[in-house]
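The stops below go from ring geometry to the strands and then to the core.

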Amino acid sequence: MRKLNAKFDAVIVKPLETEETMYGSIVVPDAGKDRNEQGEVIAVGPGKHTVTGEFIPTETKVGEIVVLPTMGFTKLQFEGDEYYIGSEQQLLATITEDNE
């Protein structure tokens, strides 16, 4: 079985299913809507070296739910599923449960 592995500071995200808007029996596509994609991190690279040689490890963890920018991440089809790949720096936010 093959699996995706992230390199350097890359993050691989599987988009979360979104609900489609319906009017009666007509599905209204999301085309044209600028909205940020949310997804679950499935792989994270170890980090990258700066120009001075310092190693900066990644902070994002596998399993986190993140918000992606509307542009910047690369869409990838792999083994029948869709993923997004991009630099950890481009992630906009993580979504956590409020346990208070």
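Rings of Phe, Tyr and Trp, the last by its six-membered ring, pair if their centres lie within 6.5 Å. Select the aromatic side chains with that cut-off in mind: in this predicted model, a search of the whole structure finds zero aromatic pairs.

Next, show lysine 14 and tyrosine 83. The charged end of the lysine sits over the tyrosine ring, 5.2 Å from the ring centre.

Now switch to a cartoon view. The protein chain has 10 strands and zero helices. Select residues 10–15, strand E1, and residues 38–44, strand E4; the two pair in the antiparallel sense over five bridges. Within this pairing, valine 11 stands opposite valine 44 of E4.

Which residues make up the largest nonpolar core? Select Val11, Val13, Val41, Val66, Leu68, Phe73, Tyr84 and Leu91, eight residues in total. Another core, of seven residues, lies apart from that one; among its members are Leu4, Ala6, Ala10 and Phe78.

Centre on valine 13. Beyond its neighbours within four places in sequence, valine 13 is in contact with Gly39, Glu40, Val41, Val66, Leu68, Phe73, Tyr83 and Tyr84.

Finally, colour the whole chain by accessibility. Of its 100 residues, 28% count as buried. The chain exposes about 7600 Å², with 51% of that supplied by carbon and sulfur atoms.

How values were computed
Residues are numbered from 1 along each chain as its sequence is written. This is a predicted model: local features need pLDDT of at least 70, side-chain atom pairs count only at pLDDT 80 or more; totals for chains, interfaces and linings use all residues. Side-chain values use heavy atoms; hydrogens and water are left out. Rings of Phe, Tyr and Trp (its six-membered ring) pair if their centres lie within 6.5 Å; planes under 30 degrees apart count as stacked, over 60 as edge-to-face and the rest as tilted. A charge sits over a ring if NZ of Lys or CZ of Arg is within 6 Å of the ring centre and within 35 degrees of the ring normal. A nonpolar core is a set of buried Ala, Val, Leu, Ile, Met, Phe, Trp, Tyr and Cys residues joined through side-chain atoms within 4.5 Å. Buried means under 20% relative accessible area, exposed over 50%, partly exposed in between (1.4 Å probe, protein chains only). Contact means heavy atoms within 4.5 Å. Two strands pair if DSSP finds at least two bridges between them. Helices (H or I, at least four residues) and strands (E, at least two) are DSSP runs, numbered from the N terminus. Accessible areas come from the Shrake-Rupley method with a 1.4 Å probe; for residues, only the protein chains shown count as cover.
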